[in-house]
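Subject: Structure handover

Hello,

Here is the structure for you to look over. Please open it alongside this note.

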Amino acid sequence: MNSTSPRLEAVTPANVDAALALRVHPHQTENVAPVAHSLAEAYAHGETAWPRLVFDGEELVGFLMAFVDIQWNPAKDPADRRSGLWRLNIGAEHQGKGYGRFAVDAVREELARRGAREMYVSWEPGEHGPGDFYRRLGFEETGETSGGQTVGVLGIGPGGAQGA
Ligand SMILES: CC(C)(COP(=O)(O)OP(=O)(O)OC[C@H]1O[C@@H](n2cnc3c(N)ncnc32)[C@H](O)[C@@H]1OP(=O)(O)O)[C@@H](O)C(=O)NCCC(=O)NCCS
């Protein structure tokens, strides 16, 4: 990381072009949607999407989007509402410096503040997928899949297990 601490910022007219230019490594493009795609979904989903940029000093290093209190699978169980991390893109040249961990912690804090007890995430399985990253941060697999992705969960808030 730079000498400054990372922070979250909302997407604004001043930073949206930089956000759209954010790129993960070419071998990771199967793992996460481009920022433009996520911002279009954020627009469509309104309050249930929480998109934020990760800055370190003046530098844009990442993008995240949380989902807040959505019906997970209404056909199966209408009462099953979940919150979690929907997207996480750390810029290729900024990976391995703790920004991913910062982003997960920031979403965990935001969701806990909103009263969530668990934080869900789903990821592409496979060699280049981020499964080991999430396991390192304390997520445990639920045994479910969602659209072919592995579903993981982290206990948050009072009484919840905290990630490493
Ligand atoms: C996965 C991703 C978000 C990780 O971000 P990052 O900033 O590189 O991760 P950090 O530097 O914060 O790493 C946090 C910890 O996880 C570990 N880690 C990170 N990526 C890892 C990987 N691929 N495999 C194993 N461990 C990993 C780090 O070693 C570090 O451990 P430590 O703190 O104990 O030393 C980033 O690589 C990325 O954007 N990948 C492409 C898109 C993607 O897969 N997003 C997730 C969509 S669900």
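This is a predicted model: local features need pLDDT of at least 70, side-chain atom pairs count only at pLDDT 80 or more; totals for chains, interfaces and linings use all residues.

Residues are numbered from 1 along each chain as its sequence is written, and side-chain values use heavy atoms, with hydrogens and water left out.

**Strands**

Helices (H or I, at least four residues) and strands (E, at least two) are DSSP runs, numbered from the N terminus. Two strands pair if DSSP finds at least two bridges between them. Strand β2 covers residues 49-56 and pairs with β3 in the antiparallel sense, over eight bridges. Within that pairing, Trp-50 has Ala-66 in β3 as its bridge partner. The two strands form a hairpin with two residues between β2 and β3. Gly-57 sits in the turn and has a positive phi of about 60°.

β3 also pairs with β4, again antiparallel and over eight bridges. There, the bridge partner of Gln-71 is Arg-81 in β4.

**Asn-89**

Asn-89 is in strand β4, residues 81-90. Is Asn-89 buried or exposed? Asn-89 is buried, at a relative accessible area of 5%. The cut-offs: buried is under 20% relative accessible area, exposed is over 50%, and partly exposed is in between (1.4 Å probe, protein chains only).

A polar atom of the Asn-89 side chain lies 3.0 Å from the backbone oxygen of Ala-33. That is a polar contact (a pair of N or O atoms within 3.5 Å; within protein, one must be able to donate a hydrogen and the other to accept it, and residues adjacent in sequence count only if both atoms are side-chain atoms). Asn-89 also touches other residues, not counting those up to four places away in sequence; among them are Leu-22, Val-24, Val-61 and Phe-63. Contact here means heavy atoms within 4.5 Å.

**Salt bridges**

A salt bridge is a side-chain nitrogen of Lys or Arg within 4 Å of a carboxyl oxygen of Asp or Glu. The search of the whole structure finds ten.

Glu-41 with Arg-87: the closest N and O atoms are 2.6 Å apart. Arg-87 is buried, with a relative accessible area of 14%.

Asp-69 with Arg-81: the closest N and O atoms are 3.1 Å apart. This pair also links distant parts of the chain, from strand β3 to strand β4, twelve residues apart. Both ends are partly exposed: Asp-69 has a relative accessible area of 39%, and Arg-81 comes in at 46%. Check the backbone of Asp-69 too. Asp-69 is not a glycine, yet it has a positive phi of about 55°. Its strand, β3, covers residues 59-71.

Asp-132 with Arg-135: the closest N and O atoms are 3.1 Å apart. Both lie in helix α4 (residues 131-136), three residues apart, about one turn of the helix. Asp-132 is exposed at 59% relative accessible area, while Arg-135 is partly exposed at 38%.

Which residues are linked in a network of salt bridges? They are Asp-80, Arg-82 and Glu-144.

Best wishes
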